[in-house]
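Trainee: I would like to learn how to read strands, sheets and packing from a model. Please take me through some cases.

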Amino acid sequence: MSSAKVVPIGGPRRRARPSGGSRRRVRDVPESVGAQSRETVGAAEGPLVALARLIQGGAAGLDWEAVARLWSAAYFSWHSEETDEFGFDRKFAERIRPIFEFLYTVWWRVEAAGVENVPASGPGLLVANHSGVLPYDGLMIKIAVRHEHPARRECRMLALDMFALLPFLAPLLSRMGEVRASQENGERLLSNGELVGVFPEGVKGIGKRYKERYKLARFGRGGFVRLALRTGAPIVPCAVVGSEEIHPVLAKADWLGKPFGLPYFPITPTFPLLGPLGLVPAPSKWSIDFAEPIPLDRYGPDAAEDPILVNRLSEEVRGTIQRMIDGRLARRRSIWFG
Amino acid sequence: MSRIAVTGTASFLGARVLRRLVELRGGEAIVAVDVAPPPSTLQGVTHRRLDLTEPASDQRLVEIFQQEGVDTVLHMALFTSPQRDKTHAHELESIGSLSVFAAAAAAGVKHLLLRSFTAVYGARGQNPNFLTEDRALQPNLALGWARDKLEAEQHAAAFAKRYPEMAVTVLRTAPLFGPGVHTFYTALFDRRLVPVLMGYDPLVQLLHPDDAVVAFERALDKRPRGAFNVVPRTAIPLLTALHLSGKVTLPVLHPIAYALADGLWALGLGEGPGAFLDYARYLFVADGQRAKRELGFEARYGSREALDAYLRYRHPEGGALEPVEARA
């Protein structure tokens with residue numbers, strides 16, 4: 001740093017646009033300017049430093065550049081400058097993960113079994129039951145694979161349209177590595193050799209009433225089997241127990257959800273009674289079981305066009321997951337302690 | 001003698017492609033068809049003055065193509081930015097394209113190349129993350145800009161079917177970004193405060209003009225049939241692009257933003273009608289695999305590099321970005 005050419009920050013700019021004296025005071029702090037550094041416009045300086053600079057400059061320092069600097073420093077302290085082709089931002093995922101780790105280890109005390117069944121490399125399709133009103137189960141499966149599997153793989157969840165198209169949630173999910181569920185997207189991820197997670201029950205699963213809990217809904221139209229057949233990815237059935245109790249849906253007032261573009265509007269013991277507090281999920285005890293992978297490469301990609309085979313395989317996977325769930329439920333003594 | 005007729009040589013990309021073609025094939029091989037003459041530095045280029053919105057432009061085009069011995073037509077007379085005069089834009093883009101295609105078919109042209117835009121797919125929430133060429137074109141039909149391009153594409157597809165001996169290529173370019181590009185969307189990057197849609201941050205593709213020129217070069221060499229996406233190597237989230245450019249972003253609720261943009265546009269202000277906000281709201285990222293396979297075209301620049309090139313071009317001395325740069 002010391003050997004680098006030292007130029008006042010305001011150097012080149014002051015020539016172009018003369019500025020007031022007090023503003024110069026801030027700018028005169030010498031700072032090394034990396035040559036050709038335009039390509040790395042990143043946030044080497046944290047938002048706090050930028051804020052300090054803004055305050056130090058006083059009222060005169062409150063110019064556009066200072067605000068813009070603070071703005072982008074704040075942004076890049078949470079976001080990286082590069083994302084993958086689906087918008088997955090590793091820095092953002094890293095920053096936000098502690099929240100989900102807290103839920104995983106403390107709140108729901110998730111017990112994961114059979115994680116070794118998840119392929120350590122190459123494509124794989126995790127197929128799980130969906131429940132709990134909000135897609136926490138997907139996030140917990142992600143954490144389970146990332147923390148308990150030796151390969152520490154990043155599982156890419158295919159998100160329902162109702163979440164992937166919602167403002168605020170949509171960019172959040174894609175920054176976390178989730179992708180809108182569609183055949184094209186799934187095929188692209190799997191052919192890139194990624195580990196992909198799907199919930200074939202879709203909306204029917206996540207918005208189940210409490211009295212229908214742990215009864216798997218129809219598995220769509222077998223789209224996930226076609227996906228696996230086309231790409232030759234093995235299917236890993238996955239059963240999540242505990243997620244049905246986090247937001248027990250007593251009744252549904254779907255007409256209330258319509259104006260918000262939601263396919264359902266749940267009424268739980270706490271929501272909407274307690275308002276936003278009702279969104280706090282109940283601290284049930286969770287378990288996530290991974291079954292042995294079902295290899296599908298022997299059928300070949302053309303088998304995806306065989307609806308009978310697709311349906312048979314789909315039912316097979318559904319049966320496996322239902323059996324795993326029933327086994328867990330039989331052994332479970334308490335919703336809260338397992 | 002095989003000569004290439006290029007329409008819309010006064011447009012930014014038209015002028016760039018024209019220059020490249022003169023370098024590669026010599027000025028004698030090129031006929032520039034435009035209301036404005038090409039730069040006088042391009043020696044040997046024949047200029048035929050023609051307004052595509054004139055009623056009998058198709059007959060004049062047939063004459064031009066036959067007299068000049070044209071066997072390839074490169075049609076680039078399309079607006080990148082929305083026009084206040086919607087009727088004129090429609091006459092030029094939809095009807096003008098029809099005239100060009102009809103004249104090309106009548107004059108026995110062997111290869112017809114249309115410049116189009118990935119925006120013609122339309123930005124929709126239901127779009128897959130990567131749009132392939134066989135995806136139906138579903139732009140927002142309230143947007144005259146996109147509707148005229150859609151019609152030009154539909155005319156091209158109809159002629160491809162009716163005249164199988166004529167190879168018809170459509171190149172759908174991602175939004176251009178780089179040195180020399182001045183459009184309604186780059187104007188946003190010249191402001192200090194940029195309004196954004198609250199809660200939306202789609203990936204966008206910014207194509208460096210150098211890459212676009214190469215794609216046209218390849219397409220003229222290979223004469224492939226059908227549509228091809230011409231896209232940069234990588235995409236970039238819109239907010240990341242804005243923050244990398246050192247902009248202050250102002251999140252606006254989208255119903256308000258649409259109404260405001262429409263209102264400003266109606267008042268003669270603003271960069272474009274509100275329907276353009278779809279492109280800042282939803283994905284319209286296109287997949288470049290087909291161009292790679294069949295044209296041998298792969299972009300050298302990613303969206304990030306195109307953005308950097310644009311910022312260097314706009315702020316050669318550092319300028320607005322200089323304090324941010326100093327941090328690196």
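Trainee: How many bridges join strand 3 of chain A to strand 11 of chain A, and do they run parallel or antiparallel?

Mentor: Strands of a sheet pair through backbone hydrogen bonds, either parallel or antiparallel. Here strand 3 (residues 111-113) and strand 11 of chain A run parallel and are joined by 3 bridges. Glu111(A) has Ser287(A) of strand 11 as its bridge partner. Two strands pair if DSSP finds at least two bridges between them; strands (E, at least two residues) and helices (H or I, at least four) are DSSP runs numbered from the N terminus.

Before going on, note that this is a predicted model, in which local features need pLDDT of at least 70, side-chain atom pairs count only at pLDDT 80 or more, and totals for chains, interfaces and linings use all residues. Residues are numbered from 1 along each chain as its sequence is written, and chains are lettered from A and ligands numbered from 1 in the order in which they are written.

Trainee: In which sense do strand 8 and strand 11 of chain A pair?

Mentor: Antiparallel, over 4 bridges, with strand 8 covering residues 235-241. Val240(A) stands opposite Ile288(A) of strand 11.

Trainee: Which way do the residues of strand 11 of chain A point, and are they buried or exposed?

Mentor: In a regular strand the side chains alternate between the two faces of the sheet. In strand 11 (residues 287-290), Ser287(A) and Asp289(A) point one way, Ile288(A) and Phe290(A) the other, and all are buried. Buried requires 20 or more other C-beta atoms within 10 Å of the residue's own, exposed 12 or fewer, and partly exposed lies in between, with C-beta atoms placed from the backbone.

Trainee: In what order do the strands of the open sheet in chain B lie?

Mentor: The order is 3-2-1-4-5-6-9, 7 strands with parallel pairing. Strand 3 (46-49) and strand 9 (226-230) are the edges, each pairing on one side only. Within the sheet, strand 5 (residues 111-117) and strand 6 (residues 167-173) of chain B share 7 bridges, and Phe117(B) is partnered with Thr173(B).

Trainee: What is the radius of gyration of chain B, and how does one read it?

Mentor: Chain B has 10 helices and 11 strands. Its radius of gyration is 20 Å, close to the 20 Å from the globule rule for 328 residues, so chain B is as compact as a globular protein of that length. The radius is taken over C-alpha atoms, and the rule is 2.2 Å times the number of residues to the power 0.38. Of the 328 residues, 53% count as buried.
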